[in-house]
Amino acid sequence: MLERDVIIIGGGPSGLSTALHLARDFPHLASRILILEKARYPRPKLCAGGLVIDAEVILQRLGLDVSEVPHVDADRIHFDFEARGLNLRVSKRHALRIVRRDEFDNWLAKQTESKGVEIKEGITVKNVVPFEDHVIVETDQGDFRAQVVVGADGSNGVTRRCIFPSVSVHTARVLEVLTPVTTGMHSDRRNGIHQKQAAYFDFRPIPSNIAGYIWNFPTQVNGEAMRCWGIYDTNLLAGKKRPQLKEPLAKEMERFGFDLENYEIKGHPIRWFSPENHMSVPRVLLVGDSAGADPFLGEGISIALGYGALAAREIGAAFQRNELSFQGYRRRVLKSPLGQVLFTRWLLAYIIYPLKWRWFQVLIWRILKPVVIVFAWLFVLNWGKRMSSTL
Ligand SMILES: Cc1cc2nc3c(=O)[nH]c(=O)nc-3n(C[C@H](O)[C@H](O)[C@H](O)COP(=O)(O)OP(=O)(O)OC[C@H]3O[C@@H](n4cnc5c(N)ncnc54)[C@H](O)[C@@H]3O)c2cc1C
């Protein structure tokens, strides 16, 4: 049976970030890490690919330059209610960098392998069984044995289901669609056309009990300019009467001349963070969506990279102490800049979505603009830099 010190289940941003941080900070462990990934790179991953600055800060700190990955830069982000609201720009740089996840994850996997970490692709983990002095990872290609296992296998991950079989989880529902840039219709934003380099979040579905927003980002697929559209619903208003999720998205796209029925709609849940989420048992840690993504916007790439940094520190210190219970992991995640931001976004989700009256949404997105921007700048964004100083 193949044995490694650390087996990471899942080679998305959280698993790869865990490996990259371990290889950088505890180089003697690099050759003792194994990543098991069920797909083969470059593999599809449903995601709009919006990278906030915190993702770039964490990657830079690892010595990685994400501009090597094909991308589109949005020069501003609009947070709107019914097509009007606040406009976020960042001085002298882009506000959001948009990648395709097949390309981004493939690049990150190659960077990880170049640090001496082995990735086995095309292996699906079926079961994770922790024992007192090791963990057995059962896969479709035999069993593996590890000292420590990291569950980085996403929102539907098997690791979480094995170690917390009866714990309920919060998941958001999300739909995504890719279209050409325009239908050739002439119009402006108010009547329905986006500015080419802007990314939009519009909270218009909230009064109809969809606790989330519609997004519309510039992107590229194989070098061709496209738009990525989608709708996010935390499910916080799930008990109330709601339209079908695709209805508000179809209406919004219609304003821009697109008929949703002509495009392929894809959906995937996002498991979101709550301060009560369980994150570890002895010898097994969860990271990324498996531990919980941002509940407010469903943003998870920077968060996944941040979890990787925290988990690596936890694992390195645990090996040094020779004590692998990971008892304090959740507490340390909550106390970290990442945990504080996740907590703030969790609070925001519980305040902004249930207060679903139109006047309240107008107040937040249009009237209290300066307050919202300062609050977001201080408490919702820019946590990556603070992480750097604590790691
Ligand atoms: C429609 C949509 C749009 C989104 N848009 C954005 C966005 O614009 N910006 C943003 O920041 N976030 C976005 N997110 C969230 C983001 O995609 C996730 O938060 C992020 O991918 C989490 O990374 P992860 O590494 O934890 O999990 P994942 O990226 O899901 O990676 C998990 C990996 O584990 C592998 N795996 C799963 N099960 C097994 C198994 N049994 N055995 C072996 N391997 C396994 C999978 O193949 C995968 O490679 C979006 C999500 C959705 C659904």
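Analyst: Let's start with one term: a helix here is a DSSP run of H or I with at least four residues, and helices are numbered from the N terminus. Keep in mind, too, that this is a predicted model.

User: How far apart should the ends of helix 6 be, and what does the model give?

Analyst: The general idea first: an α-helix has 3.6 residues a turn, so residues three or four places apart point the same way. Now the case here. Helix 6 covers residues 301–321, and at 1.5 Å a residue its 21 residues should span 30 Å. Its end C-alpha atoms are 31 Å apart, which agrees.

User: How many residues of helix 6 are buried?

Analyst: Buried means under 20% relative accessible area. By that cut-off, 16 of the 21 residues in helix 6 are buried, so this helix is mostly covered.

User: Let's zoom out. How many helices and strands are there in the protein?

Analyst: The protein has 11 helices and 18 strands.

User: What radius of gyration would a compact globule of 391 residues have, and what does the protein have?

Analyst: The globule rule puts 391 residues near 21 Å, and the protein has 21 Å, which agrees. Along the principal axes, its C-alpha atoms fill a box of roughly 65 × 40 × 40 Å. Buried residues make up 58% of the 391. The protein exposes about 16,200 Å², and carbon and sulfur atoms supply 53% of that area.

User: What share of the contacts comes from residues 24 or more positions apart?

Analyst: Take the contacts with a separation of 6 or more: residues 24 or more positions apart account for 75% of them.

User: On to strands. Which strands pair with strand 15, and is the pairing parallel or antiparallel?

Analyst: In general, strands of a sheet pair through backbone hydrogen bonds, either parallel or antiparallel. Here, strand 12 (residues 171–180) pairs with strand 15 in the antiparallel sense over 8 bridges. One place to look is Glu-176, whose bridge partner in strand 15 is Gly-230. As for cover, strand 15 (residues 224–233) has 8 of its 10 residues buried.

User: Which residue takes a positive phi in the hairpin of strand 14 and strand 15?

Analyst: That's Asn-222, with a phi near 50°; this hairpin has 2 residues between its strands.

User: Where can I see another run of hairpins?

Analyst: A hairpin with 4 residues joins strand 9 to strand 10. Strand 9 (residues 125–130) runs antiparallel to strand 10, with 5 bridges between them, and Asn-127 stands opposite Glu-138. Strand 10 then forms a hairpin with strand 11, with 2 residues between them. That pairing with strand 11 (residues 142–151) is antiparallel over 5 bridges, and Phe-144 is the bridge partner of Val-137.

User: What is the strand order in the open sheet of 3 strands?

Analyst: The order is 3-7-4, with antiparallel pairing. Strand 3 (50–51) and strand 4 (71–74) stand at the edges with a single partner strand each, so one side of each is left without a neighbour in the sheet. Strand 3 pairs with strand 7 (residues 96–99) over 2 bridges, and Leu-51 stands opposite Arg-97.

User: Last topic: how many aromatic pairs does the structure hold?

Analyst: It holds 20 aromatic pairs. One of them is Trp-272 with Tyr-350: 6.3 Å centre to centre and 70° between the planes, which makes the pair edge-to-face. Trp-272 lies in the loop between strand 16 (266–271) and strand 17 (280–281), and Tyr-350 in helix 8 (residues 337–352), so the pair ties together parts that are 78 residues apart in sequence.

User: Which residues form the aromatic cluster?

Analyst: Among them are Phe-79, Phe-201, Tyr-213, Trp-215, Tyr-232 and Trp-365.

Conventions: Residues numbered from 1 in each chain as written. Predicted model: local features only at pLDDT ≥ 70, side-chain atom pairs only at ≥ 80, totals over all residues. Heavy atoms only, no water. Expected span 1.5 Å × (residues − 1). Buried < 20%, exposed > 50% of the residue type's maximum accessible area, 1.4 Å probe, protein only. Pairing = 2+ DSSP bridges. Rg over C-alpha atoms; globule rule 2.2 N^0.38 Å. Contact = heavy atoms within 4.5 Å. Areas by Shrake-Rupley, 256 points an atom, 1.4 Å probe, with all protein chains shown as cover. Phe/Tyr/Trp six-rings, centres within 6.5 Å; stacked < 30°, edge-to-face > 60°.
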